[in-house]
Amino acid sequence: MQGSLDNQNYATDCGRNATLRDWSKRAAEYMLVRGAGVAAMRRGLRGEMLVLAYHNVVPSGEPVVGERSLHLSQACFGEQLDELTRTHDVVSLNELLTVESRRTRRPRAIITFDDAYRGSVTAGVAELSKRGLPATIFVAPAFVGGRSFWWDALASADGTIADEIRNRGLTEFGGLDARVRTFALNQGLRERDLPEHACAATEDELAMAVRTAGVMLGSHTWTHCNLARATDQDVERELRQTMIWLRERYTSVISWLSYPYGLSRPGVDTIAQRLGYEGAVCIAGGWVRNARLNRYSIPRLNVPSTLTREGFRLRTAGVVCS
């Protein structure tokens, strides 16, 4: 009974919708995670690597505003880190491609953040620092300095984006912020005011973050464009300009790319390799299987704010639940 109450309190703290379907799913996860099979699944993943993809971490006491699935509370993030350190060896992204990193008794996990939200750079890094954990933050420099992202500014009150805005924004407008906002404005949509934590960090905040041991910065392109819709010339400019900007300002920089929106196309990897990028990560796909490693298409496990404690445990053990 106490476990059920704890799970209910956790769900309430994280601001989840208590629909019948949600509770049914949580009940199934609750039962599964207590079965003997989860530990066995995790043991079978020894030496495998799991790259986690986060976005924003909402500081304690602050409101959740924007596209809801991207904004995880600080309390929930801290609990997930505690769970992760109990079952995995948490390592840096740089260790992904080394042979030595595959010789482990437990699964290994890598923590990454997309977009360099102020919340993740401050509250998120604070939680990492408490536990001495490394992480990589992927930065889109065009937004650095407190700019908001279109998907948050155009989200409805319930934290969702209209399908037409999302679909046309990514395809017709190439994911480019100004073009998507202009289209939405012409459709009669109004932008939402966003708290500071839901906007991009400043240069000084990034500098403070990388003073934390193990925190590194990587490239999320310059404008957070959809690389699948960009020309080769635009791709090269986006990737080159971002690394120049990062290296001019910070020493804790790694030559890794996170594809904006998780989207790419044939040829982007070739350009990235020619520019000196060591690898690139997607936004989905699950576990890294060493035998089939493609360093420019590294899968990640996206961690939405709607994921329950049990759901997190199941997914990090290699159990997939719909």
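Asp114 touches Tyr54, His55, Phe138, His220, Ser258, Ile283 and Arg300, residues up to four places away in sequence not being counted; contact here means heavy atoms within 4.5 Å. The model is predicted: local features need pLDDT of at least 70, side-chain atom pairs count only at pLDDT 80 or more, and totals for chains, interfaces and linings use all residues. Residues are numbered from 1 along each chain as its sequence is written, and side-chain values use heavy atoms, with hydrogens and water left out.

Asp114 lies in strand β5 (residues 108–114); strands (E, at least two residues) and helices (H or I, at least four) are DSSP runs numbered from the N terminus. With 3% relative accessibility, Asp114 counts as buried, where buried means under 20% relative accessible area, exposed over 50% and partly exposed in between (1.4 Å probe, protein chains only). The side chain of Asp114 makes a polar contact with that of Ser258 at 3.0 Å. Such a contact is a pair of N or O atoms within 3.5 Å; within protein, one must be able to donate a hydrogen and the other to accept it, and residues adjacent in sequence count only if both atoms are side-chain atoms.

Two nonpolar cores are listed below; each is a set of buried Ala, Val, Leu, Ile, Met, Phe, Trp, Tyr and Cys residues joined through side-chain atoms within 4.5 Å.

| Core | Size | Members include |
|---|---|---|
| Largest | 55 residues | Tyr54, Ile111, Phe113, Val139 |
| Second, separate | 17 residues | Leu70, Tyr117, Ala140, Phe173 |
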